[in-house]
Amino acid sequence: MTRKFVLTIVASMIAASAFAVNTDAIKKSYELKDGSKVHVFMNGRMGMEDRFGRAVSMQEGHAMETKDGQKIMMKGNEVWRTEDMLKHDTRP
Ligand SMILES: [Cu+2]
């Protein structure tokens, strides 16, 4: 294999793993009535983002209502994960 060919493979592997991290991070995000957001991560647990874009804590089992009237029950409290996501802005 030529050196250039190997570098191409390595570059595409890095690109693929970066893509995997981004899509793994959040499964779905919902906008809530009060202007905050709830992010559902790939592991099914959730993290809250307040209307100022800060990661905030919410007790597990707390009932939330989305802008379009859906009721969601808080599962998990992934504050650190939300914080990390907001810091690196890996929102989908
Ligand atoms: Cu919540």
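These legends describe close-up views of a predicted model.

Local features here need pLDDT of at least 70, side-chain atom pairs count only at pLDDT 80 or more, and totals for chains, interfaces and linings use all residues. Residues are numbered from 1 along each chain as its sequence is written.

**View 1. The open sheet has four strands in the order β1-β2-β3-β4, with antiparallel pairing.** The edge strands, β1 (26-31) and β4, each pair on one side only. Strands are DSSP runs (E, at least two residues) and helices are DSSP runs (H or I, at least four residues), numbered from the N terminus. Two strands pair if DSSP finds at least two bridges between them.

**View 2. Strands β2 (residues 37-41) and β3 pair in the antiparallel sense.** Four bridges link them. Valine 38 stands opposite methionine 48 in β3. Four residues separate the two strands of this hairpin. In its turn, glycine 44 has a positive phi of about 85 degrees.

**View 3. Strands β3 and β4 (residues 55-56) run antiparallel, joined by two bridges.** Glutamate 49 stands opposite alanine 55. Methionine 48 has valine 56 as its bridge partner in β4. This hairpin has five residues between the strands. Glycine 53 takes a positive phi near 80 degrees there.

**View 4. The side chains of β3 (residues 46-49) point two ways.** Met46 and Met48 point one way. Gly47 and Glu49 point the other way. All are buried, meaning that 20 or more other C-beta atoms, placed from the backbone, lie within 10 Å of the residue's own.

Terms used:
A residue is buried if 20 or more other C-beta atoms lie within 10 Å of its own, exposed if 12 or fewer, and partly exposed in between; C-beta atoms are placed from the backbone.
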